[in-house]
Amino acid sequence: MSNNNGNNNGNNGNNEKMVTITIDDKQFMVPEGKRLLWAALENGVYIPHLCALEEEEKPSAGCRLCFVEIEGFLNPVTSCTQPVKEGMIVRTRSKRIDRMVKNGFELLLSNHRLNCGKCAANGSCELQKIARERGLKLRVSRMRKLENDAPIDDSPENFSYDPAKCVLCGRCVWVDHNMAKVGAIGMVRRGMSRRVATFGETALAESNCTQCGECVRACPVGALAVKE
Amino acid sequence: MELMEGELEQIQSVVAEVLKKFDSDSEQLLPILQAVQGRLGYLPREAMKMVAAAVEIPEVDVYSVGTFYNQFRLNPPGKNQIKVCMGTACHMTGGNIIMDSFERRLEIEEGETTKDREFSLERVACVGCCALAPVVLVNDEVEAKVRPTRVDGILLGLGKELNRKKTEVGTEDKAQDPAEPKDIPAQEEGDAR
C-alpha cells in the first residue's frame, strides 16, 4: 500500500508512519501519505467515487465526485488525489460539496441509459450506491437527456460493452494497460462522442483484446458486463 | 478507407523516413504524427500502427491521440475539399443544415472522404467572414450565404453527378426555399431534415 504512494511519502517500507486525521469529527489512524479517499473508505467513511483505482499512481480525478473540504484549504479538493497529513481535518459533507456532487452526478446521468431493472449491474452499480448514500435521485430533472446511440458491442464471448451506460471513468482502460498489459482499449474522440473503443473502433473480438475480463471487473457501472 | 494500389508501400516508406528523424520516445508522438500527416495529408491506419510500434505504446493510444485533436484527419483529403463553417455566426444561421445537406448528397459523414476520393467533407471553426454566414469553403474559395439548395449547385459545379431520384428529393427542399426565410433556422430545420 505504501509503494503506490511513494511519491508523496518520504517514508516507504514496512514500518509506515501512522498519522491521525479527523474525518467528520471522528479520529482515524492512517498511514502517512495514503490518499484520503482510500483512507476514508477503509475506515468505513463513504465518499462517492467512480474513476479512482487505488493502484493508480497518478489518479485522473476525472469523475469529480469525491470532493471533500479540508480545513485550511480554500476550495473543496478531490480526495482521490490528496495524500493525508498529520492533523488533517476533513469534512465529507457540506453545502458546497453536496451541490457539486449533485450537479456532477446529474450530468453523468444525463447521458446514461437509465434502465436499472434490466441492467446487469443492478444492485452492484456505483451510481446506485452514490444515489443511495447521498440521497440523490436516479433521474435527470434539470437537464436535457442526451442519450448515446452508439451500438452495443457484444462480440466478445463472455461480456459486452454498452457505450450508452459508460460513464467514461477510464478504469477499464487503466487495467487494460497496466494490469492486463494488453492495450486493446482506449478513450477515443472527444466531447459528446468520446467513448471507450479499440484501434480503428472495431468490435472487441476483432481487436487484439484477449477477453481476459479485467476491464469487466473494473467497470463501476453496467457498461462492461458479463453476458447472462 | 480502402487503400489504392501501391499506396501501402508509399505509406510504409514515408513513415519509415519520418520515424528516422525522431527519437523512439512516446513523448515524440505528436511531432511524429504531425510529420506523417504533413507528408501524407492524413493519418492512415497503417501509419498509426507503425508509429505505435516505433514509440512502443499500444496502437489504440495512437488512435486515441489521432481522434482527439482536430488537427489530425483519419481519411485522405479528397480531390475537392469541402469545409463547412460551424463558427458561431454560421451555426446560428444554419451551418448544421448545410452540413447535413452535404452529408446526404455525398453519402459520407463529416470528416470522411467519398470512396472515389473526389470529395472530402470537414467542419471548420470560424473562417473569418461571419457577415457572409453560413459559409462553406470549397477548395479554399468562399461560398457565401449558402442555402441547402446551393449545395447541389456547388457539387454539380465540381462535376458530381447527382442521380435523378436524389434530385427529386432535392426539389422538396427547393419548394420552400424561394421564400428565402432568412435567418430563421428553426423554420428551416423542419424542412431540411
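## Confidence and conventions

Chain A of this predicted model has an average pLDDT of 91, and 93% of its residues score at least 70; pLDDT is the predictor's confidence in each residue, from 0 to 100. Residues 1-12 of chain A have a pLDDT below 50, and beyond near neighbours in sequence this stretch has 22 contacts in the model, a contact being heavy atoms within 4.5 Å. Where pLDDT is low, the predicted coordinates should not be read in detail.

Residues are numbered from 1 along each chain as its sequence is written, chains are lettered from A and ligands numbered from 1 in the order in which they are written. Local features need pLDDT of at least 70, side-chain atom pairs count only at pLDDT 80 or more, and totals for chains, interfaces and linings use all residues, while side-chain values use heavy atoms, with hydrogens and water left out.

## Architecture of chain B

Chain B contains nine helices and four strands, taken as DSSP runs (helices H or I, at least four residues; strands E, at least two) numbered from the N terminus. Their order from the N terminus is α-α-α-α-β-α-α-β-β-β-α-α-α. Of contacts in chain B between residues at least 6 apart in sequence, 64% join residues at least 24 apart.

Of the 193 residues in chain B, 42% are buried (buried, under 20% relative accessible area; exposed, over 50%; partly exposed, in between; 1.4 Å probe, protein chains only). The accessible surface of chain B is about 10,500 Å², with 48% belonging to carbon and sulfur atoms.

## Cysteines of chain A

No disulfides are counted over all chains, a disulfide being a pair of cysteine sulfur atoms within 2.5 Å. Cys66(A) is in no disulfide, and its nearest cysteine sulfur, that of Cys80(A), is 3.7 Å away. Cys212(A) is likewise in no disulfide, with the sulfur of Cys215(A) nearest at 6.1 Å. Cys66(A) counts as buried because its relative accessibility is 2%, whereas Cys212(A) is partly exposed at 39%.

## Backbone geometry

Most residues other than glycine have a negative phi, and most peptide bonds are trans. Arg189(A) has a positive phi near 60 degrees and lies in the loop between strand E7 (185-188) and strand E8 (195-198) of chain A. Glu107(B) has a positive phi near 55 degrees, lies in the loop between helix H6 (95-106) and E2 of chain B, and counts as exposed at 55% relative accessibility.

A cis peptide bond joins Ala133(B) and Pro134(B), with omega about -5 degrees. Pro134(B) is in the loop between strand E2 (119-124) and strand E3 (136-138) of chain B.

Note on methods. Accessible areas come from the Shrake-Rupley method with a 1.4 Å probe; for residues, only the protein chains shown count as cover.
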